[in-house]
Amino acid sequence: MIVTHSAEETRALGAKLAAQLQRGDVVLLRGDLGAGKSEFARGVARGLGVLGPVPSPSFTILNMYDESRIPLYHFDWYRIHDPDEIGEMGFEELLGGDGVALIEWSEQAPEYVPDRALDVRIRAVDENTREITLEPQGGFPFREDILL
């Protein structure tokens, strides 16, 4: 577990993770509303080279960034009510494809989550402090020592 003490530290951790992400990687961002998932995602985006704004895709479900070193697909499945919506929108092609997929609220459509993923769990301790646990699944290549 890694503890961050500000939104800036949470973003910095995401940027460090981005240095080891490769095409086809899927990162699951889990935590309650306001836990810091979007801040972590902003850090990953910056670490991949995204320069512009990185808003939460809460209403659009997907924000795509192709100006980064690897395409970034930032999903927010909070508003998915039927998992088949993922397939109907063609989003499953982007999971494990040519870019990095960050998925907030993946538990809304677990059947579309690949076995090989990095599970990032974020828990708000107080207004600024976050406990972040990163757990590789299905052989996801991950070196936690790079983040420390």
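Biologist: Which residue of β5 stands opposite Leu 72?

Modeller: That's Val 100. Bear in mind that the model is predicted: local features need pLDDT of at least 70, side-chain atom pairs count only at pLDDT 80 or more, and totals for chains, interfaces and linings use all residues. Residues are numbered from 1 along each chain as its sequence is written, and side-chain values use heavy atoms, with hydrogens and water left out.

Biologist: What makes something a strand here, and what makes two strands a pair?

Modeller: Strands are DSSP runs of E with at least two residues, while helices are runs of H or I with at least four, and both are numbered from the N terminus. Two strands pair if DSSP finds at least two bridges between them.

Biologist: How do you know that β4 and β5 are paired, and which way do they run?

Modeller: Five bridges join them, and the rule asks for at least two, so they count as a pair. They run parallel. His 74 is another residue in this pairing, standing opposite Leu 102 in β5.

Biologist: How many bridges join β2 to β5?

Modeller: Four, and these strands run parallel. Val 26 has Ala 101 as its bridge partner in β5.

Biologist: In what sense do β3 and β4 pair?

Modeller: Antiparallel, over four bridges, with β3 covering residues 62-65. A hairpin of six residues joins β3 to β4. Met 64 has Tyr 73 as its bridge partner in β4.

Biologist: Why is β5 called largely enclosed?

Modeller: Five of its five residues are buried, so the rest of the structure largely encloses β5. Buried means under 20% relative accessible area, exposed means over 50%, and partly exposed is in between (1.4 Å probe, protein chains only). Val 100, Leu 102 and Glu 104 cover one side of β5, and Ala 101 and Ile 103 the other. For β4 the count is also given: five of its five residues are buried.

Biologist: What makes Phe 75 and Trp 77 an aromatic pair, and of which kind?

Modeller: Rings of Phe, Tyr and Trp (its six-membered ring) pair if their centres lie within 6.5 Å; planes under 30 degrees apart count as stacked, over 60 as edge-to-face and the rest as tilted. The centres of Phe 75 and Trp 77 are 5.9 Å apart with 70 degrees between the planes, which makes the pair edge-to-face. Phe 75 is buried because its relative accessibility is 0%, and Trp 77 is buried with a relative accessible area of 0%.

Biologist: Is Arg 42 buried or partly exposed?

Modeller: Its relative accessibility is 23%, so Arg 42 counts as partly exposed. Arg 42 sits in helix α2. The side chain of Arg 42 reaches the backbone oxygen of Val 54 at 2.9 Å.

Biologist: What span is expected of α2?

Modeller: The rule is 1.5 Å times one less than the number of residues. With 12 residues (37-48), α2 has an expected span of 16 Å and reaches 17 Å, which is close.

Conventions. Polar contact = N/O pair within 3.5 Å; in protein donor to acceptor, adjacent residues only side chain to side chain.
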